[in-house]
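Here is a colleague's note for a first look. Please read it with the model open.

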Amino acid sequence: MPFLSRQRRLLIAVLTVPALQFLLGAFLPAQAAEASLDSSDNTLLLISAAMVLLMTPGLAFFYGGFVQGRNVLNTMAMSFVMMGIATLVWASFGFSLAFADGGAAQAVVGNPFTFALLERLPEVWDGLAVPGLTFALFQGMFAIITPALISGALVERISFRFWCLFTPIWLLLVYSPLAHMVWGGGFLGKDLDFAGGTVVHISSGVTALVLAGLIGARRQWPKAIRPPHDVTQILLGTGLLWFGWFGFNGGSQLAVGGAEIPFTTTHVAAAAGLVAWSVVETWRDGKPTAVGMATGAVAGLVGVTPAAGFVTIGSGMAIGAITAVLCYISVQVKVKLRFDDSLDTYAVHGVGGTAGALLTGVFANAELIASHPAGQVLAEQGRGALVLGQLQAVLVAYGLAALGTLLIAGVLRGLGVQFRVGENAENLGVDVAEHGEEAYAERVGSPQLF
């Protein structure tokens, strides 16, 4: 057989080497850098981030339906403006405070400059299979809706300027450090909080309680209590929240594998909360209300948030029902105490987040938390120690939110920032006084100022 010419040997090599590389690649492991990224996980987090963002307009509709028509735009704007303010705060220093290495302060807070302006993020976030930027974006959506939740306790009387100054400071001094303590490597990392029972719901609920106590009741409350101006808007908001919560809890799995559990527990908990609230209303008042159904569903969602990926489906159902009943009782207590938490923010998110955090310790499944530090606590010290750990996280969240809120509000008021709108503005409607526009000009009948 004659020797192949040099040109032919070169041609065969050019054609053969890529083919061998392709075949070997099918059987040999890829390089570590390539294997560490998973497009499915990345897609889950990006879609979930969009779903969580949708929750903020959903919350705006939910809260807006409860108030009077002359205050609906201001109420919705307090949620909507967070999509701007919280995003900029989070991208600037908030994410870094929450998730960067804090060095000597690692137990309580991260370094605000490590990932400032979302620079120097790792190509692959440690422990996950997604880019650092994807992780930062997803977590940023939680930072948007958390302060928005607070506004429900303050509607129809708080100064919009105060709100826009208070919330960015609160995100940096309260939310980001608490997120770091629980999710960023801080000292509460051994406790269970799957998607934000302490970080989101307790922090916002307690802050709402403190601010509502400082600002006082609406001038005509409770003598001139009026029903919600648009219950259909409440139901629309509830539907958007329920939908977005799949991203809120399901996306917090941070990977496609196993995400079916938090997706399902989220849904059954909302359903159980809706039914439980309706049953209690029927037993007490003779009929269920649409507003009650909506509130019960949200209470169930709040309760299962810290537990979503740590409990079985049946346990998720139980958590949703128990939380809804406890939130219903807290609403009745609030009315008896004549405390104007306008839209029951603490009664649902504070109480619901507290109940959910403690019930997570009660119902956590040993197999589902095996890879979490709490799994070792359960195995070595028993369920009592696990519940006590959850109580510790609850108490820290209460203390940080309450003290931080008092400090920020005190400083702003000391600087002369108006805390509450004037009496005329409250009577005329906060929409006109604070924004110069109305949602229903013909219906409300007050002059337009634009």
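1. Which residue forms a salt bridge with Asp344? The partner is Lys334, and the closest N and O atoms lie 2.6 Å apart. A salt bridge here is a side-chain nitrogen of Lys or Arg within 4 Å of a carboxyl oxygen of Asp or Glu. The pair links distant parts of the chain, ten residues apart: Asp344 in the loop between H12 and H13, and Lys334 in helix H12. Helices (H or I, at least four residues) and strands (E, at least two) are DSSP runs, numbered from the N terminus. Asp344 is buried at 16% relative accessibility. Lys334 is buried too, with a relative accessible area of 13%. Buried means under 20% relative accessible area, exposed over 50%, and partly exposed in between (1.4 Å probe, protein chains only).

2. A word on the basis. This is a predicted model, in which local features need pLDDT of at least 70 and side-chain atom pairs count only at pLDDT 80 or more, while totals for chains, interfaces and linings use all residues. Residues are numbered from 1 along each chain as its sequence is written, and side-chain values use heavy atoms, with hydrogens and water left out.

3. How many salt bridges are there by this rule? The count comes to seven. One of them joins Asp340 and Arg157, with the closest N and O atoms 3.9 Å apart. This pair also links distant parts of the chain, 183 residues apart. Asp340 sits in the loop between helix H12 (313-337) and helix H13 (345-363). Arg157 sits in the loop between helix H6 (132-150) and helix H7 (160-183). Asp340 is buried, at 4% relative accessible area. Arg157 is buried, at 0%. A network of salt bridges links Glu156, Arg157, Arg218 and Asp340.

4. Now take the pair Arg284 and Asp285. Their side chains meet in a salt bridge of 3.6 Å, N to O. Arg284 is partly exposed, with 47% relative accessible area. Asp285 is partly exposed as well, at 44%.

5. Look next at the nonpolar core. In soluble globular proteins, nonpolar side chains tend to be buried together. The largest nonpolar core in this model has 113 residues. Such a core is a set of buried Ala, Val, Leu, Ile, Met, Phe, Trp, Tyr and Cys residues joined through side-chain atoms within 4.5 Å. Phe62, Phe95, Leu154, Tyr175 and Phe248 touch the most other members. H7 gives the largest share of this core, twelve residues.

6. Where is Leu154 found? It is in the loop between H6 and H7. Leu154 is buried, at 0% relative accessibility. Contact means heavy atoms within 4.5 Å. Setting aside residues up to four places away in sequence, Leu154 touches Trp163, Ala208, Leu211, Ala212, Ile215 and Ser342. Leu154 and Val72 are 82 residues apart in sequence and 13 Å apart in space, C-alpha to C-alpha.

7. Check the packing of two helices. Helix H4 (residues 72-80) and helix H5 (residues 82-99) pack at about 20°, with axes 6 Å apart. Axes are lines fitted to C-alpha atoms, for helices over the stretch in contact, and angles run from 0 to 180 degrees between N-to-C directions. H4 and H5 are therefore roughly parallel to each other, a term for angles under 35 degrees. Met78, Ser79 and Phe80 of H4 meet Met82, Met83 and Gly84 of H5.

8. Gly94 is also in helix H5. Gly94 is buried, at 0% relative accessibility. Leaving aside neighbours within four places in sequence, Gly94 is in contact with Val89, Leu172 and Ser176. Gln68 lies in the loop between helix H3 (39-66) and H4. Gln68 is buried, at 15% relative accessibility. Apart from neighbours within four places in sequence, Gln68 is in contact with Glu156, Arg226, Pro227 and His229.

9. Finally, the backbone. Most residues other than glycine have a negative phi. Arg338 has a positive phi of about 55° although it is not a glycine. Arg338 is exposed, at 56% relative accessible area. Phi of Asp344 is positive too, near 60°.

Conventions. Angles under 35 degrees count as roughly parallel, over 145 as roughly antiparallel, 65 to 115 as roughly perpendicular and the rest as oblique.
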